[in-house]
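Thank you all for coming.

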Amino acid sequence: MKAHIVTLPGDGVGPEVTAAAVAVLEAVAARYGHEFSFDEQAIGGCAIDAFGEPLPAAALAACKQADAVLLGAVGGPKWSDPNAPVRPEQGLLALRAALGVYANLRPLQVHPALAALSPLKNEKLKNVDVLFVRELTGGAYFGAKTRTADTATDECKYTVAEVERVVRRAFDLARDRHRHVTSVDKANVLETSRLWRSTVQRIAADYPDVKVEHQLVDSMAMLLLTQPSRYDVVVTENLFGDILTDEAAALAGSLGLLPSASLGEGRNGLYEPIHGSAPDIAGQNVANPTGAILSAAMLLRHSLQLEAEAAAIEAAVDQVLSQGPHTRDIGGQASTTQLRDAVLAAFEEHADTAEAFFSGARACG
Ligand code: IPM
Ligand code: MG
């Protein structure tokens, strides 16, 4: 198939991890006979430096035309003055809103070879397999803001339609998993949460085969640490999802491991590792590219419907996490490019085995 992918490497380690993910996508294209074209555009702090704005119009237009968008990371100390007129993160938020990617999927699994790196005891980490579905284009992130010398406000607003579409997405995803949805809110205090909860209760009636549970966000923050293996799909609003997914990422052993996919109604999606720009290690070829590479796998699955290719990358990553080499954040010495090369080698090996298997099957009739 032909696909046009816009890359937005961004700031800090973003360019390094994005390059690794692109190398993997190129290997997929070569191996499976696809034609992927790549167009690199600017976002974040580097776009502010070059164009005076965090999401230049040309970058946004390119993203809207693309089949999928692969992003590295945005932000850094250079642009984080609280009084700065523009911030790198505004580019990312504007992009999410403009692409209408309201459902942010953040899968969490704990690789057995890395369980020792997790702050939790190993026995708690068995069978952890959670899919967070974070609402991404509403709530306090996008509400009106006011500021005077001594007062500031951030409006948190949700409509039923905004809640309904992301909650339905979570229920649909649960049907392909363990059919258990946990909805997280703060319905004992917040009006938006009461609207959220009653919407979930109404939608749940359409999914009698899916079990539903409601948790308050403070309690959920604790339960994620005490019983992480109890959860399947966890759906929540934007700010709660931001916080809970960083907490969840710590369980996996490193923030560098986890991917995400942000989806709307169409096929176009925005794919990014959940880690930030990590300015302290930028430009040193030591960042872990796993989150970016797994985001590329999600891109293949969700935007291009290439499930076999996505699974082949995930199997290659799984092998490298089992056997090494490992980057520093997961206890090794390998560089970004060494880990990338190991994933590429494992990918070719799996593809060879799969090919031999299928040609053997054909030969057998
Ligand atoms: C994330 C990040 C972003 C967010 C920042 C960079 C705006 O933390 O994707 O989780 O808060 O959504
Ligand atoms: Mg975050």
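**Aromatic pairs and a helix face**

At a relative accessibility of 32%, Tyr32 counts as partly exposed, and please keep in mind throughout that this is a predicted model. Phe347, by contrast, is buried, since its relative accessible area is 2% and the cut-off for buried is under 20%.

Another pair is that of Tyr158 and Trp196, whose ring centres are 5.9 Å apart and whose planes stand at 75°, so the pair is edge-to-face. Here too distant parts of the chain are linked, as Tyr158 sits in the loop between β7 (152-154) and α5 (160-175), while Trp196 belongs to helix α6 (residues 191-204), 38 residues away. Both Tyr158 and Trp196 are buried.

Let me now turn to helix α3 (residues 57-65), where the buried residues are Ala59, Ala62 and Cys63. Viewed down the axis of α3, these buried residues fall within an arc of 100°, and therefore they line one face of the helix. An α-helix has 3.6 residues a turn, so residues three or four places apart point the same way. The other side of α3 carries Ala57, Ala58 and Gln65, which are exposed. As for what the buried residues of α3 pack against, the partners are β1 (2-10), β2 (35-40), β3 (68-73) and α4 (88-99).

Methods. Residues numbered from 1 in each chain as written. Chains lettered and ligands numbered in written order. Predicted model: local features only at pLDDT ≥ 70, side-chain atom pairs only at ≥ 80, totals over all residues. Heavy atoms only, no water. Buried < 20%, exposed > 50% of the residue type's maximum accessible area, 1.4 Å probe, protein only. Phe/Tyr/Trp six-rings, centres within 6.5 Å; stacked < 30°, edge-to-face > 60°. Helix = DSSP H or I, 4+ residues; strand = E, 2+ residues; numbered from the N terminus. Arc of directions from axis to C-beta. Contact = heavy atoms within 4.5 Å.
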